[in-house]
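Please keep the structure open while you work through them.

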Amino acid sequence: MEERLKELRLEALEKVEQAADLKSLNDIRVAYLGKKGPITEVLRGMGKLSAEERPKMGALVNEVRAEITEQIEKKQALLEEEAVQKQLESENIDVTLPGRPVRVGNHHPLTKVIEEMEDLFIGMGYQIAEGPEVEQDYYNFEALNLPKGHPARDMQDTFYITEEILMRTHTSPVQVRTMEKHKGKGPVRIICPGKVYRRDNDDATHSHQFMQIEGLVVDENISMADLKGTLEVFAKNIFGEDREIRLRPSFFPFTEPSVEMDISCKICGGEGCHVCKGTGWIEVLGGGMVHPRVLKMAGFDPEIYTGFAFGIGAERIAMLKYGVDDIRHFYTNDIRFLQQFSVQE
Ligand code: 2U9
């Protein structure tokens with residue numbers, strides 16, 4: 001019996017030593033120390049021993065069982081430690097690795113132009129005014145000295161919802177609405193950015209829908225000199241300090257006198273090139289002194305008040321500023337086009 005116990009001890013300890021994981025270690029524990037295991041069997045056989053041998057053999061069984069248990073526990077601690085190490089290694093983070101770049105979007109070029117214009121004019125004491133894109137014939141045409149049947153309406157043919165309701169062709173109706181709110185009392189200093197519509201065939205320089213920015217100042221003693229000075233500040237700020245401006249006479253039903261403004265060509269510096277078609281000048285906007293009839297219809301006394309107004313397409317500014325050759329790029333949203341206007345530019 002003693003031999004058998006020693007054999008079992010050796011066998012069990014060897015297996016414990018070789019156990020590769022916690023599951024096989026537990027199998028060994030059950031196999032050797034469990035109720036149906038060989039050691040329990042030896043204990044059961046002790047009844048047959050003499051009274052002398054029994055305590056000796058009992059002590060040996062306890063010793064063997066204690067030793068196997070101790071070794072199993074040691075091995076278990078070792079395997080558990082190993083498992084923790086393995087897990088830590090597999091979850092290891094290399095803090096020296098470079099981070100994944102965060103993709104930052106950017107504003108649309110038209111948004112950039114509009115926000116730049118807004119900042120500039122807010123700095124000069126203007127307020128931003130907005131209004132409906134679906135407008136009444138009265139605010140879009142009538143109040144701007146374009147009565148029904150006026151030939152200049154053709155130039156701004158639009159999409160009609162009904163006979164009297166239409167998609168606005170300019171943001172001028174916002175100016176009229178703002179003037180009405182002032183109830184004949186100046187000053188009015190506003191910038192009106194917004195979407196406008198025209199019945200036009202789309203091509204590289206025309207779009208049936210575009211963004212306009214219009215400005216209006218109404219007060220006592222406002223003159224052409226104020227308009228010219230303001231437009232010069234605008235041109236130099238948006239296109240560069242080295243740009244010159246010139247005003248040419250023009251006609252709009254809502255301004256009298258009316259002008260168109262050119263800026264000197266950046267490409268040739270005024271010498272004449274293909275961009276300015278050999279003239280050295282590029283047309284950018286229209287403007288003029290608010291027609292007295294327009295002032296009157298909006299509730300201002302033209303004997304006391306005068307005003308200037310101007311209008312420009314945001315696409316036109318963006319095309320000149322960024323060298324874009326086709327207006328349709330602004331609407332097709334090709335990511336390769338849009339990404340060129342990111343902050344890192
Ligand atoms: C009121 C009175 C007058 C706004 C003006 C222009 C001249 C002009 C065009 C530029 C390019 C339209 O976007 S475009 O196609 N605009 O030339 N706009 S004067 O005059 C006003 C506006 C409101 C009450």
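1. A salt bridge here is a side-chain nitrogen of Lys or Arg within 4 Å of a carboxyl oxygen of Asp or Glu. The model is predicted, so that local features need pLDDT of at least 70 and side-chain atom pairs count only at pLDDT 80 or more, whereas totals for chains, interfaces and linings use all residues. Residues are numbered from 1 along each chain as its sequence is written, and side-chain values use heavy atoms, with hydrogens and water left out.

2. Arginine 248 and glutamate 260 meet through their side chains in a salt bridge, with 3.6 Å from N to O. This pair links distant parts of the chain, since arginine 248 is in strand E6 (residues 245–252) and glutamate 260 is in strand E7, twelve residues apart. Helices (H or I, at least four residues) and strands (E, at least two) are DSSP runs, numbered from the N terminus.

3. Arginine 248 also meets aspartate 262 in a salt bridge, at 2.8 Å from N to O. Aspartate 262 lies in strand E7 and arginine 248 in strand E6, so this pair ties together parts that are 14 residues apart in sequence. Both pairs belong to a network of salt bridges that links Arg246, Arg248, Glu260, Asp262 and Glu283.

4. Which of these residues are buried, and which are partly exposed? Buried means under 20% relative accessible area, exposed means over 50%, and partly exposed is in between (1.4 Å probe, protein chains only). Aspartate 262 counts as buried because its relative accessibility is 2%, and glutamate 260 is buried at 17%, while arginine 248 is partly exposed, with a relative accessible area of 25%.

5. The whole structure holds 14 salt bridges. One of them joins arginine 9 to glutamate 67, with the closest N and O atoms 3.2 Å apart. Arginine 9 lies in helix H1 (residues 2–18) and glutamate 67 in helix H4 (residues 53–90), so the pair ties together parts that are 58 residues apart in sequence. Arginine 9 is partly exposed at 22% relative accessible area, and glutamate 67 also counts as partly exposed, at 27%.

6. What does the record say about Glu256? UniProt lists Glu256 under "binding site", in an unreviewed entry; such positions are given in the numbering used here, feature names are shortened, and annotations may be inferred rather than shown by experiment. In the model, glutamate 256 is placed in strand E7 (residues 255–264) and counts as partly exposed, at 46% relative accessibility. Leaving aside residues up to four places away in sequence, glutamate 256 touches Met289 and His291, where contact means heavy atoms within 4.5 Å.

7. Turning to the ligand, Gln212, Phe252, Phe254, Gly286 and Gly311 come nearest of the 18 residues around the ligand, where a residue is near if one of its heavy atoms lies within 4 Å. In the side chain of glutamine 212, an N or O atom is 2.8 Å from an oxygen atom of the ligand. For glycine 311, a backbone N or O atom lies 3.4 Å from a nitrogen atom of the ligand.

8. Which elements supply the shell around the ligand? Helix H7 (172–182), strand E5 (209–219), strand E8 (281–290) and strand E9 (306–313) each supply at least two residues, and E9 gives the most, with five residues.

Definitions and conventions
Polar contact = N/O pair within 3.5 Å; in protein donor to acceptor, adjacent residues only side chain to side chain.
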